[in-house]
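Trainee: Could we go through this one together, starting with the surface and then moving inwards?

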Amino acid sequence: MASPSSPSAYDGWTREELIARLTEIDHAKARPKQRPPSPKLRHDKVFQFSRHSRRKIALKFCYSGWEYGGLAFQQMKATLPTVEGVLFDALVKARLVDAELGFDGCGWERCGRTDKGVSAAGQVVSLWVRSTQVGGDEGAPQSSRDDLAQGVPATDSPSPAPSGESTLPGLEFGFEEDDLDSAPLNSSLPAPTQSRKEKYEHDYLAILNRLLPPTIRILAWSPISDNFSARFSCSYRHYKYFFSTDTAPGTTLDVERMRAAASRLIGEHDFRNMCKLDAAKQITTFKRRVMRADIDPLTVDADGNGQYVFNLVGSAFLYHQVRHIMSVLFMIGHGQEDPSVVTDLMNVEEGLEPGATEVVDCKPEYQMADGLPLMLWDCGYPEEELDWRTTNGAPLRDGGDVRSDLYQQLHSIHSRSQVYTALNDHFLLAAARFHLPSEQGNGLKGTSVPSSASPASKLLIPLGGGMYKRTGQDKYVLLLRRNRLDHVDITNERWRVGKGLRRDERKKATEETNNDDLDGNE
């Protein structure tokens, strides 16, 4: 027997109510289905540099040279990045400069060029950057002002590096969102009706140091005049070269002999025999003024052995001049050369250097010192030209202080380096258990190496940074008795009618700056 059906929801409805319900259902089926609105395609905002003011500033920064292929940006792809390439990438990512205009568009100038492996603690560059302040770009580079007047855009996305050098991935912009979206002070857009707070300058230090790697740190920035030049306004450059008295095994340097030789460098002299001769630069004037040349102790024991620093201050320097000078000082401190050789090397003409024993108008062959211990310590400028700052003047938020944060970062790096030093000390102790130093023997019982006085013994001529040149005691040739390079006039002429002429004929490259290394490049 069938079970009774369950009561329906429509039981008790009248005929008219059922007809109305069926009609409602038919109408619902006939209506098209509602779909969610399609998301609008997002268009990247175009950042208009022409709508923002600019100002000229100087940046003082430090960098670890061993991490980079030199300071100067290279057009060709290199194994290591350059300091300028990484710094310019950070400025582009922060939208402080326009990548499309490059280095020339922002009026980029450096104080002194440093080579691969050479570090700096007080490098300075001057350039035009985006600013919150009204006006101030009258002296901007003409190409930049022309492009800005035409409204050359730059996208909000990170711009690529000017060459094959890598950009900085995974880094945030150094601006608040409302700072980027709001109309700039010199914009043609109507100003907001609500009252605005005081507009502080961009916090250049905080912005750039968030984008830069720890091996490059911006230490300070300064507003500067339109005619200021990081290169030509510099009054002196101070280099430091660090070394120890036991640079090579079994070798102890005589610091007093090195000091006596260094004192001869002070004054204006011709340094063609203590620099790298590069015919492509066509340099004919090699006189440079040295204001200070001395050696200070850093950490030494009672016997005077330990770490020292060679200080060299001058208005300008030739290519690799400091490293060549240091190489000569090492030979003098090692006892192979007399301090008077410095005077002879600067005596390129008869009677030019009082006390010289001979004329040395062509450079003798010798290897320059290693670049690792060399540092550009400071770049000096007239006090009225600069006003170094570490903040933008705004009140500090959350109790933070960019100055203490930066110091803490560098202190952490220093602490970690001390750990590496302790580890290397113990590696040396471990090796000493099985391998005796050279002056004590060769590690085998009953045998010993010849003494340093023996003509057959090996000389380890220090080159700095733990590097040295090995030669026989009986094979060492005095510096002034070595083979010499061609005279600089011959070298320049040979290049001019050879490679230089072919380069000009092919027109492969832009005009080279002949005096690029006349002012503190190392």
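Mentor: Gladly, and keep in mind that this is a predicted model. For the surface, we need one definition: patches are made of residues with over 30% relative accessible area and no salt bridge, and nonpolar side chains are joined within 5 Å.

Trainee: Okay, which residues make the nonpolar surface patch?

Mentor: Val419, Tyr420, Leu423 and Phe427 make the patch, which comes to about 430 Å².

Trainee: And where does valine 419 sit?

Mentor: Valine 419 lies in helix α10, which covers residues 402-432, and with a relative accessible area of 48% this valine is partly exposed.

Trainee: Switching to helix α6, how many of its residues are buried?

Mentor: Seven of the eight residues of α6 (residues 204-211) are buried, so the helix is largely enclosed by the rest of the structure. Among the buried ones are Tyr204, Asn209 and Leu211.

Trainee: What about α7 and α8, at what angle do their axes cross?

Mentor: The axes of α7 (residues 255-262) and α8 (residues 321-333) cross at roughly 135 degrees and come within 8 Å. Angles over 145 would count as roughly antiparallel, and these two helices are therefore oblique to each other. The crossing of α7 and α8 is right-handed.

Trainee: Last one, is alanine 121 buried or exposed?

Mentor: Alanine 121 is buried, because its relative accessible area is 19% and the cut-off for buried is under 20%.

Conventions
Residues are numbered from 1 along each chain as its sequence is written. This is a predicted model: local features need pLDDT of at least 70, side-chain atom pairs count only at pLDDT 80 or more; totals for chains, interfaces and linings use all residues. Side-chain values use heavy atoms; hydrogens and water are left out. Patches are made of residues with over 30% relative accessible area and no salt bridge: like charges are joined within 9 Å, nonpolar side chains (Val, Leu, Ile, Met, Phe, Trp, Tyr) within 5 Å. Accessible areas come from the Shrake-Rupley method with a 1.4 Å probe; for residues, only the protein chains shown count as cover. A salt bridge is a side-chain nitrogen of Lys or Arg within 4 Å of a carboxyl oxygen of Asp or Glu. Helices (H or I, at least four residues) and strands (E, at least two) are DSSP runs, numbered from the N terminus. Buried means under 20% relative accessible area, exposed over 50%, partly exposed in between (1.4 Å probe, protein chains only). Axes are lines fitted to C-alpha atoms, for helices over the stretch in contact, and angles run from 0 to 180 degrees between N-to-C directions. Angles under 35 degrees count as roughly parallel, over 145 as roughly antiparallel, 65 to 115 as roughly perpendicular and the rest as oblique. A crossing is left-handed if the near helix is turned anticlockwise from the far one by less than a right angle, and right-handed if clockwise.
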